[in-house]
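Let me put the model up, and then I'll walk you through a few spots.

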Amino acid sequence: MGSKKRLANNKQAMPTYAIIDSQSVKTAAVAQDKGFDGGKKIKGRKRHIAVDTMGNLLAVVVHAANIHDTKAGIFVAQKAFETYPSLKGFCADAAYRRTFEQNVQDELGLSVDISVKIKDVSWQVLPKRWIVERTFAWLGWSRRLAKDFEQTILSAENFINLGYISRILKFIK
């Protein structure tokens, strides 16, 4: 489905660029592998996703919220690169500086573009970064993903994939 859609939009069949970000979510009381995200003040898990430039989901990794993006981002980058060896680079926000950049360059041999915050006081869309945020918003339409109700990380990842599949099926023409 993804490669046909990419070709229809004058893109290559396989993605060459991925955008990565994370989302902290609260978990149910029975959840395993949860932690506290001090930046967001949330006790739960983080959902890391990588998407292509069209917003197609490439990889998902769920982990305890107390693991920082710079250290956990490499797991989703590796997963995306294993599935899509055509990837040549990643785009990420400032939370992925240093450790993530170094790990991606050393382990995968890929470049990392870190988006810089716009210093202008007026609100502006950051180039490319809005695509991953839009994908999180699409996933937010799945009621099951409003909170992480899953006991295991594997089922949490699978429900993210199901939420994305559900979204795709709604828009097939």
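When I say contact or cover, I mean heavy atoms within 4.5 Å. Helices (H or I, at least four residues) and strands (E, at least two) are DSSP runs, numbered from the N terminus. Ground rules: this is a predicted model, so local features need pLDDT of at least 70 and side-chain atom pairs count only at pLDDT 80 or more, while totals for chains, interfaces and linings use all residues. Residues are numbered from 1 along each chain as its sequence is written, and side-chain values use heavy atoms, with hydrogens and water left out.

Let's start at helix α3, residues 99-108. Which of its residues are buried? They are F100, E101, V104 and L108, where buried means under 20% relative accessible area, exposed over 50%, and partly exposed in between, with a 1.4 Å probe and protein chains only. Looking down the axis of α3, those buried residues fall within an arc of 105°, so they line one face of the helix; the arc is that of the directions from the helix axis to the C-beta atoms. As a reminder, an α-helix has 3.6 residues a turn, so residues three or four places apart point the same way. The cover over the buried residues of α3 includes β1 (17-26), α2 (69-83), β5 (89-92) and β6 (111-114).

Now the packing. A nonpolar core, for me, is a set of buried Ala, Val, Leu, Ile, Met, Phe, Trp, Tyr and Cys residues joined through side-chain atoms within 4.5 Å. The largest one has 21 residues, and L87, F90, F100 and V104 touch the most other members. At least two residues of this core come from each of β1, β4 (57-64), α2, β5, α3 and β6, with α2 giving the most, four residues. Take F90: setting aside neighbours within four places in sequence, its contacts include Y17, A77, V104 and L110. Apart from that core there's another one, of 18 residues, with Y17, V51, V132 and L145 among them.

Last stop, helix α5, residues 153-170, which is where L162 sits. L162 counts as partly exposed because its relative accessibility is 49%. How far is N158 from V60 in space, C-alpha to C-alpha? That comes out at 8.7 Å, though the two are 98 residues apart in sequence.
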